[in-house]
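Good morning, and thank you for the time.

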Amino acid sequence: MRILDLIKVFPDLYEARTAVHIIGPPGGGKSDVLKYDIRAALSERYGETFGFCGDAEEAWLLPTLDAPDIRGFLVPQKDPKTGEATSYFTRSPLYPSDEYMAKHPRGLFVIDERNAADLLTQKATAPIILSKLFGHRRLPEGWMVVSCSNRVSDRAGVIRPPMHLTNRECLINLDVDALSWAVWAEKQELHPMAVAFAKKVPGCCFSEAVPVGDGPFPSARSYTAAVRFLGIKAGKDKNGHVNMELPSDPLTQAVVAGHVGDGSAAQMFAFFKLHDKLPDIEDVLKDPLKAKCPEALDAAYAAMQLCIHYTKSENVNQIWQYIERLPKELQVSSACSLIKRTGGTLINSKALGAWVGKNRALVTNVLN
């Protein structure tokens, strides 16, 4: 399942109160899509900010914990009514505070890197997955339990989960796809050349399998880190626009290769040399019918992404007149990117609206 599809279907999974286990390659965006995109989608549907617990940056990863850390320690005591010996579970440090849950009656509790934990620790999560139970404490009805894991084939220390856990949840295999990443990257305004390269050569940016050898390899996480570094190095021009010429000095290439590996880095920098074939955005806005328009497909991809990066409601007509000079398949991709990025508001443009009317079947097919 693509990330875009997961975001689309997740509110219904929440409504069904289904425990979900998302499995995908390392660095594929499992945790981030839950924390940001899915949480935002749920908050919008219910008109309230959803809580979130279980983030690796804020709390914990399951392989670093033991069973008592999850359910609490069992402590002996006397029953206050009968005086008989009994016991109780201490409060798990993972259990959200009463104050936080009062503020967020709905939320997502994420068990990250679940299948990389030892078997006893995984078994301790069963009451959480089945009944949202931590020792004697239970998550509120509005909270949903979601697990994330890598695949056994990823060589990430994963062990096969016990079947009684698998049978208690909906298992979703998450695919790595360039479109989902590009939609997110455009919203984040990452460098247009890097987004264009991801769309043109996705295999160099998002590896479908962990390589056999050791060393860095491309994933959504590592490619994004490389792109952010390149964006900082490129900087902006005197008009505040991003410099389309990305630096390619030996030190920069070494850092990028340290993120994505030598092979992917070499193809990235070969693609980035196309910057001199691109128009200035000022020329596009001033005269879209005469601005420089590359003929080569690689450069046309970069020109398309440059336009998407700078499209606003007040300039979409000029932008679209330029995009209509690009190859047909790039026009479809551009229209879909603009619709996704703006929630459809740019469809009010006369130029874009007229084009979509003529190519509705193509656009609908890509959006679905």
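Predicted model: local features only at pLDDT ≥ 70, side-chain atom pairs only at ≥ 80, totals over all residues.

Which residues does F73 touch, not counting residues up to four places away in sequence? F73 touches P68, Y88, F89 and T90, where contact means heavy atoms within 4.5 Å. Residues are numbered from 1 along each chain as its sequence is written, and side-chain values use heavy atoms, with hydrogens and water left out.

Let us stay with F73 for a moment. F73 sits in the loop between helix 3 (67-71) and strand 3 (74-78). Helices (H or I, at least four residues) and strands (E, at least two) are DSSP runs, numbered from the N terminus. One of the contacts of F73, Y88, is 15 residues away in sequence, and the two C-alpha atoms are 8.0 Å apart in space. F73 counts as partly exposed because its relative accessibility is 49%. Here buried means under 20% relative accessible area, exposed means over 50%, and partly exposed lies in between, with a 1.4 Å probe and protein chains only.

Now to the protein as a whole. The protein has 18 helices and nine strands. The C-alpha trace spans about 90 × 45 × 35 Å along its principal axes. Of the 368 residues, 47% count as buried. Among contacts between residues at least 6 apart in sequence, 72% join residues at least 24 apart.

I turn next to the sheet. In what order do the five strands of the open sheet stand? The order is 2-5-8-1-9, and the pairing is parallel. Two strands pair if DSSP finds at least two bridges between them. Strand 2 (51-53) and strand 9 (170-173) are the edge strands, each pairing on one side only. From one strand to the next, the twist averages 20°.

We can walk across this sheet pair by pair. Strand 2 and strand 5 run parallel and are joined by three bridges, with G51 opposite G107 in strand 5. Strand 5 is joined to strand 8 by five bridges, again in parallel, and I111 has S147 of strand 8 as its bridge partner. Strand 1 (residues 20-23) pairs with strand 9 in the parallel sense over four bridges, and H21 stands opposite L171 in strand 9. Helix 1 (residues 3-15) packs on the sheet, touching strand 1, strand 5 (107-111), strand 8 (143-149) and strand 9. The direction of helix 1 makes about 135° with that of strand 8; axes are lines fitted to C-alpha atoms, for helices over the stretch in contact, and angles run from 0 to 180 degrees between N-to-C directions.

Is strand 5 enclosed or open to the outside? Five of its five residues are buried, so strand 5 is largely enclosed by the rest of the structure. In a regular strand the side chains alternate between the two faces of the sheet. In strand 5 both faces are covered, with G107, F109 and I111 buried on one side and L108 and V110 buried on the other.

E113 has a positive phi of about 55° although it is not a glycine. E113 counts as partly exposed because its relative accessibility is 24%. K132, in the loop between helix 6 (126-131) and strand 6 (133-134), likewise is not a glycine and has a positive phi, of about 60°. K132 is buried, with a relative accessible area of 14%.

Finally, a pair of helices. Helix 15 (residues 316-323) and helix 17 (residues 350-358) pack at an angle of about 45°, with their axes 7 Å apart. That angle makes helix 15 oblique to helix 17: under 35 degrees counts as roughly parallel, over 145 as roughly antiparallel, 65 to 115 as roughly perpendicular, and the rest as oblique. The contact is made by V316, N317 and W320 of helix 15 and by K350, A351, L352 and W355 of helix 17.

Thank you for your attention.
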